[in-house]
Every structure is written in C-alpha cells, then in structure tokens.
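Try each one before you read its solution.

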Amino acid sequence: MDVRSDNDGHDSSEAKSEEMMHKSPYEIQEEEAKKAFEKKKQNEMSDSIEESVEYWQENDDISPRMSDNKYTLQQVLGLGESFDVNMREMVLGGKHVGLLLLTGFAKDEILLEVLKRLTYLTPEQVSGHALKSYFECYIPHIQVERVEKMSAVINKVLTGMSAMFVEGDRSVIIMDTRSYPVRSPEEPSLERVVRGSRDGFTETLLTNVALVRRRIRDPGLKFEIMQVGRRSQTDVCVVYIDDIVDKVQVDSVREKIKRVNIDGIPAADKQLEEAIINKGWHPYPLVRYSERPDVTASHLMDGRVVIFVDTSPSVMILPTTFFDLCEHAEENRQTAFMGTYLRWVRFGGILISLFLLPLWLLMVIDPAIKPAGMEFIGPHENAQLPLILQFLLIEFGVDLLRMAAVHTPTPLASAMGLIAAILVGDIAVKTGYFVNEVVLYMAIAAIGMFATPSYELGLANRLVRLFLLVAVAMFKVPGFVVGTTFIIIALTLHRSYNSSYLWPFIPFNAKALGNFLFRLPLLENKKRPSINKTRDNTKMDNDPDGELQKSKKHK
C-alpha cells in the first residue's frame, strides 16, 4: 500500500513536469500572473474604499482608458461578480461611454430620458472635450455633478447614483437617478395621538427630511450630511436652526460623529448613539427618540439638535432631560387645562411604576410605619412563596409576556394575553403561590410603565424598581431611603451633552419647572428652555411693528 502511494506521487510529479514541458512560455507566464493576481486579491486588507482603490491602481485618479477603469471596478466594486452591479457600454456621439449603476436603485424612467437624448447625438455635435459637452449641453437632468476621484465615484454609486465614464476623460459624470424602496409615512405606534397628524418618519432619509422641511419653512434650518462607517457608509444628517441653536453644541456633535471609526452601523441610530454619547452601563437614556415630524419640529424650534440616520424611522433629539422624556405630543393637542391634567396623570403613573411596589413591600415587612387609617394594607393570607420572590417572579413574567407579545403574530396576541391573565395569574393565586395584592399592585405598576412616553425610560424605571424591591427586602427602611438617595444622586450626575439630567429640578429653576408641570397656553410660553443655551431665547416677536428697529436706525 505504501509503495503504491509513493509510486503514485512520483508518477504525478513526473506528469506535472511533463505537462510543464509541453506548455509554451506564454502559457506559463499567464499561469504565473494568474497565481500572483489571486495572491494579491487574497492579501487585500483595505479598511476603506480609498485604500482599496489605491491598492489596485496605486492612485485614486480616474484613468482615461475604459479598460483600466473596468479593471478597478471589477476588483473594488464587484463588477461582473455581483449581479446588481451593471455597466452599460455604448457609443454616444462617436464616443465610447460606460454607464455604471446598481440595478436595484436605478430609476429607469430618468435613465431612459437621458439616454434617449444622447443617442441622437452625432460626432459633429460633440466637441473635443466630450464629457464637458454632455455635462453642459446634452444631459436633461437636474442633479448632475462631475467627480475626479475613483473612490468618490464608487461611494456615490453605492448610494444609488449613476456614473457615466467617457473614453479619454479623467472625470466622471454623476447623475442622481436613485429610487429607494420606501413605505408611505404612517402614524408611529409608540407615539399615537387622538388628534393630530398621522404621518411619521420612514426608513428613507430624504422622506424624513421633507417631512420636517414641510413644517419649518425657515432658511435657517440646516441639514448637514456625512457618512459613518468604513464599510456601511451610512448617511447621517445633523439638523438644527442656525440662528437659534447653540453653535458650540453643534460643533461638538459634528466632531464626535466625524471621529466615529467603526466598520458600520447597521442598527442605525442606536449604534450611533452609543458611539457618540458613550454612556457605558447607565440604564437611563441620554437622547430622546421620536418618530413624529411635529415633535421633531417643536424641539428644533426650541433650539435642540436632531440627528437623522438613514434606514431608521426614528430620530435622536439632544440634549434631553428626565422631564423631557415624560412629555407626550397628546398634551399639546388638548387645551392648556386638559393638557396639564394629562401631564399630571402621566407623571403620577411614572411615580407609581417606580415606588408603589417598594413602598407596599416596606409597609408589609415593617407594619409600624403604616400611616393611620391604612391598616388594611398588606396580605390577609399567607402564600407559599416569600413576598420578594413573588415580586421578582411576576416582574420577570411581565417582561416575558411583553417580549412574547412583540414576537407573536397579531391574530394570536389576544389569545396569548388571555392565557397569561386567566390561566397563569388566576391559577397561581388559587394554588397559593401568589397573593392577590401582589398581582394587583404589579398590574398597576405595569400600567404606569406602559404609560411612560419614552420606551427606553420605562425600561430603565423597571430596573430601578427591581433595585428598590431588593433593597427594601434586605434592609427595610434604610434600604428604601439609601436606595432612593443613590438613584437621585446617580441621575443628578448623569449628564446629556453637559446638561443636567434632572434639570430644572437639579439645578432648581422654578419657572422652568412650572413649564414642565403645567402645559401653558401657547401665547404665554414666550421663552425657549434655558438648558439649550440658545442664541435667540424668545419665541415671540417683541417688536412686531418694527418700531424699535426704526428708532435705532433713526438714531
């Protein structure tokens, strides 16, 4: 067996050498070049498109030869390998032209109109500088530009634009012919209102920009776009009103986004938040998310900075505070009195979701602290499980139910809720594992959590409630006092872009706190929040007739 294998190896080596002898020097050279090319392709470790282009052609310039450009596009962009990368070559006006595009993004109607016009050109109509003639005279499209770097061409094609290469020219014509898959604006499920607009942000950045621009027709409204992620090249847009916002804050946000050095942000705004805020393990959110254009427009006019991220139906509003996260758009859609009432009910629900269960557990463990007239508080019968274990189990059960509701198809969601409420809850009480009061108070606390406008704030409050429950079970009154004090100190030290998280409670600002507690009538709310450090803090025109300006001019 061993002798046969040695003979086989010897025979195969002899066969290879004999085969090499029968090959021509050109074929041997071609095979060596192919092996060198495969080795070069395997060794490429480029971190960006610019590096990849320079790796394959030693510079970032566009070659006047179409074959060289196609070679670079094949290696960098995958031309000929990816089915959606297409280069349509043709002769237009006597010039060899290549139209590079992604078939999934290209809008056929626009390209057909462009090509229809160019196909009628004769060589006499095209000057010696063909690309200049196409750009200035013969392309019937509005959004057209010239690019002189290959990496810039590839970047723009990956965003959905079309690139026109012309033989003999060192620049490329870029046409915005993209058409993204997009759904129609619908009302956000987390921020519904009884009265108000029913449109919400979508996953397309241009649509979201238009929804805000429609509500603020101010020339000072700025949309600064940049790309984040070496590979994903995700579009990120910083939005603000130039003559209202704090420019220092805008510069800080812009620089932090530019310094983000990761391969991509496929999870869009959430990953960008962690990259520029760097809040670590703190559970409370440092930005406010919104899917409503009217809410976003209101915050922009208050002097805040808003960050749009392409592919995300929500935007980030910063800086934000604990009290900002407790407000809802419904309060501004009602009268001032009813808006204030709704706000107080919501604040009450948030406080209940935080402190109801720890206080009840504290009064059950230590009956001496029960207020007069509240002797009825506490279970009248004993259960088989300790109270703290009952609370922990039912907390985890509610979390499990919430996650199951998200992943359950809509027709089955009601059936799942019926099973959880009747079969699990009722039977657990009847078998003696749980006390009726525990289920009741847990349900009230859960309602308070679901009434919290910010989903992220509701989840953070749930963790705080669990912390207080454990502290009360272990240390009783000192545990509750120390735990509550620790939470307040942690929130006080928590800062959103150098702004106090508990403002206007800490530091105390009576007027601003009154604006949070009471929904003031529109014409009485004349100042923007001072926490935003706005350049123009007045909402009302103090000189509507221009008399002040006239007197200054006269002097």
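**Exercise 1: the whole chain**

Among contacts in the chain between residues at least 6 apart in sequence, what percentage join residues at least 24 apart?

*Solution.* Keep in mind that this is a predicted model. Start with the inventory: the chain has 18 helices and 10 strands. Next, take the contacts whose partners sit at least 6 apart in sequence; 62% of them join residues at least 24 apart. Then look at burial: of the 555 residues, 43% are buried. To finish, the accessible surface is about 30,900 Å², with 59% of that belonging to carbon and sulfur atoms.

**Exercise 2: two partners of α13**

Work out how α13 is oriented against α16, and then against α15.

*Solution.* Two packed helices are described by the angle between their axes and the distance between the axes, so grab both values for each pair.

- Step 1: the axes of α13 (residues 387-407) and α16 (residues 455-493) come within 10 Å and cross at roughly 165°.
- Step 2: angles over 145 degrees count as roughly antiparallel, so α13 and α16 are roughly antiparallel to each other. Their crossing is left-handed.
- Step 3: check who makes that contact. Residues on the α13 side include Phe391, Glu395, Val398 and Arg402, and those on the α16 side include Leu459, Arg462, Leu466 and Ala473.
- Step 4: now the other pair. α13 and α15 (residues 436-450) have axes 11 Å apart and an angle of about 45°, so they are oblique to each other. This crossing of α13 and α15 is right-handed.
- Step 5: on α13, Phe391, Glu395, Val398 and Arg402 turn up again, among the residues that meet Val438, Val439, Met442 and Phe450 in α15.

For the spacing of those numbers, recall that an α-helix has 3.6 residues a turn, so residues three or four places apart point the same way.

**Exercise 3: a loop proline**

Is Pro219 buried or exposed?

*Solution.* First locate Pro219: it is in the loop between α8 (205-215) and β6 (221-228). The cut-off for exposed is over 50% relative accessible area. Pro219 has 70%, so it is exposed.

**Exercise 4: helix α17**

*Solution.* Now check the start of α17, where a side-chain oxygen of Asn509 comes within 3.3 Å of the backbone nitrogen of Lys511.

Technical notes: Residues are numbered from 1 along each chain as its sequence is written. This is a predicted model: local features need pLDDT of at least 70, side-chain atom pairs count only at pLDDT 80 or more; totals for chains, interfaces and linings use all residues. Side-chain values use heavy atoms; hydrogens and water are left out. A polar contact is a pair of N or O atoms within 3.5 Å; within protein, one must be able to donate a hydrogen and the other to accept it, and residues adjacent in sequence count only if both atoms are side-chain atoms. Helices (H or I, at least four residues) and strands (E, at least two) are DSSP runs, numbered from the N terminus. Buried means under 20% relative accessible area, exposed over 50%, partly exposed in between (1.4 Å probe, protein chains only). Contact means heavy atoms within 4.5 Å. Accessible areas come from the Shrake-Rupley method with a 1.4 Å probe; for residues, only the protein chains shown count as cover. Axes are lines fitted to C-alpha atoms, for helices over the stretch in contact, and angles run from 0 to 180 degrees between N-to-C directions. Angles under 35 degrees count as roughly parallel, over 145 as roughly antiparallel, 65 to 115 as roughly perpendicular and the rest as oblique. A crossing is left-handed if the near helix is turned anticlockwise from the far one by less than a right angle, and right-handed if clockwise.
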